[in-house]
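Here are some friendly notes to read alongside the model.

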There are 4 protein chains.
Amino acid sequence: MKDDKLPVFDHEKGQLLKGGWELMSRRHPFLELMGVTVEPTEDNNVLIRFPMRDNLCGHPGMHILQGGVVSCMIDILGGAVASWHQIKDIQDRPVEEQLKRMGTVRTLDMRVDYLRPGKGQEFTVTGSVLRDGKKVLVIRMELKNEEQSLIATGIGTFLVA
Amino acid sequence: MKDDKLPVFDHEKGQLLKGGWELMSRRHPFLELMGVTVEPTEDNNVLIRFPMRDNLCGHPGMHILQGGVVSCMIDILGGAVASWHQIKDIQDRPVEEQLKRMGTVRTLDMRVDYLRPGKGQEFTVTGSVLRDGKKVLVIRMELKNEEQSLIATGIGTFLVA
Amino acid sequence: MKDDKLPVFDHEKGQLLKGGWELMSRRHPFLELMGVTVEPTEDNNVLIRFPMRDNLCGHPGMHILQGGVVSCMIDILGGAVASWHQIKDIQDRPVEEQLKRMGTVRTLDMRVDYLRPGKGQEFTVTGSVLRDGKKVLVIRMELKNEEQSLIATGIGTFLVA
Amino acid sequence: MKDDKLPVFDHEKGQLLKGGWELMSRRHPFLELMGVTVEPTEDNNVLIRFPMRDNLCGHPGMHILQGGVVSCMIDILGGAVASWHQIKDIQDRPVEEQLKRMGTVRTLDMRVDYLRPGKGQEFTVTGSVLRDGKKVLVIRMELKNEEQSLIATGIGTFLVA
């Protein structure tokens, strides 16, 4: 079905999406699987948040995030910041236009540095745009726990045109 | 409990683990969540395999792996290759010794290049050791679909001492 | 002067350049400084070559390439492969057209892995295109000495449109 | 000669080196070639500085730093910060001890992001330690021109034990 591919209709809520933000903050299947929520920040950006869970850990009983979870979350946030950066200034435009613009975002590459073991109860990943080009964004990401301890940092390049 | 932290006893199977390989190939909670299996290769290395699933996709109905899944899987395989590299030559030693050695592996950093959209039915990630040092391993990773199309490549640095 | 910026005229040789290859293989000031030559390869690609020199070493008397030399050379080769990739199929077109196309190449980011100390008498850097897109190239680079020992590997993303 | 390899004696100045800082700030052959000086910062760190020069440019008359110069300078600064980090707290110890400790620093890998064209009259590269481990340092580097415009950023992993 067409609305499967262009998700202007939210099957979960049974209602039409009004804009890119509504789409971004909806927990799609993979975000659901990982327990991730997307939230707005005070400076008109986005962050993601997720709680510690047994099945995000490499070893049972260790309560340290598996490395793959760390890179995954940094990747997700990078994509979210890039997508939001593309549509935040056109929130008054039709949702189809916003979706089209989000659809141009492609992650080219990413580096992750694992600085500390992933211990904590709740984690947030935030990002900032280092290069704001017409064709390319470079975004720096940081994963912290609830004590604001920096667990990992990332930097990624995103094609936006 | 102690055996939670040092998993010599496999609660799932109700039996003692005999070696590092048995531990590696056991699907721990996060691998279970992602649908990943670890398998031996013909050249005494390891690979991971996972099937396409709706909840590994960024958008419902698109059937393209979410970017976070790609980086996550490359990260998992890198860690698996590094761990196996550390214990493959001591498979006749006590499992505790193997576990201790696996426990020294730390991912320092990783780069992922997303080369093609993550389309396919089944994916494998393989890796090879570029630098085989006493303190550090550098491992190159490749994620392919069932048609051997190269979807993403990674390179990571692992501390092993 | 105009011909300073668009180097169709080769002041060194006192003659007009005929194509992109002629431009690429000309040793411009920085390549001169580093002692680098650009050469064609059998498979219609380019490589760079440079001899060991005292002033490419970090410590006098050590005869190991300074790390900065390694990253510099890998960067130079990556740019050369990207540039050549853009013009190799239009060698029969006017040099201005080739120059224009070379001029669109921008290095976005690069990773270098330093695998072995930079010992040797003569070094070559070669590269291959991993992603051959309309907008982006991903190129892998390798620096070897005259014994074909792999000293460093790189991977870079280049914008070409 | 032995003092060629362990440079406690400064042939240029014809005097004994008193400590690591004196060694670091001495312009060895490659730094001389590139026109680089190493300087202390107010917060007990180091930076490097170099002026624009024709032979640091990719194209004559363009006055934009060649990409290889950018990566080279970021690499040099990363190594300098790592080295200084290892010896700054033992400046009262014998120079041989400081040299020995500096000698353990190995660059493992580095990423450079080229954010803006390298235009300017004078450039500085500064760095800060993101991960301060017993075995590994992770350092972030920034290359700016005299107007403090951020031209490139880097992140590198250094083995120190």
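How much area is buried between chain A and chain B, and what percentage of that area do carbon and sulfur atoms give?

1. The buried area between chain A and chain B is about 2800 Å², and carbon and sulfur atoms give 59% of that. Buried area here is the accessible area (1.4 Å probe) that two parts lose on being put together, summed over both. In terms of residues, 33 of chain A are in contact (heavy atoms within 4.5 Å) with 33 of chain B.

2. A word on the basis of these values: this is a predicted model, in which local features need pLDDT of at least 70 and side-chain atom pairs count only at pLDDT 80 or more, while totals for chains, interfaces and linings use all residues. Residues are numbered from 1 along each chain as its sequence is written, chains are lettered from A and ligands numbered from 1 in the order in which they are written, and side-chain values use heavy atoms, with hydrogens and water left out.

3. Two salt bridges (a side-chain nitrogen of Lys or Arg within 4 Å of a carboxyl oxygen of Asp or Glu) cross the interface of chain A and chain B. One of them links Asp109(B) to Arg111(A), at 3.3 Å from N to O.

4. Which elements of chain A face chain B? Helix 1 (2-5), helix 3 (29-34), helix 4 (67-87) and strand 5 (106-114) of chain A each supply at least two residues of that side; helices (H or I, at least four residues) and strands (E, at least two) are DSSP runs, numbered from the N terminus. Strand 5 of chain A brings the largest share, eight residues.

5. Strand 5 of chain A pairs with strand 5 (residues 106-114) of chain B in the antiparallel sense over five bridges, where pairing requires that DSSP finds at least two bridges between the strands. Within this pairing, Val112(A) stands opposite Met110(B).

6. Now to the other pair of chains: 33 residues of chain D are in contact with 32 residues of chain C. About 2800 Å² is buried between chain D and chain C, with 58% from carbon and sulfur atoms. Two salt bridges are found across this interface, and Asp109(D) forms a salt bridge with Arg111(C), with the closest N and O atoms 3.3 Å apart.

7. Strand 5 of chain C and strand 5 of chain D run antiparallel and are joined by five bridges. Here Arg111(C) stands opposite Arg111(D), a pairing worth a look in your viewer.
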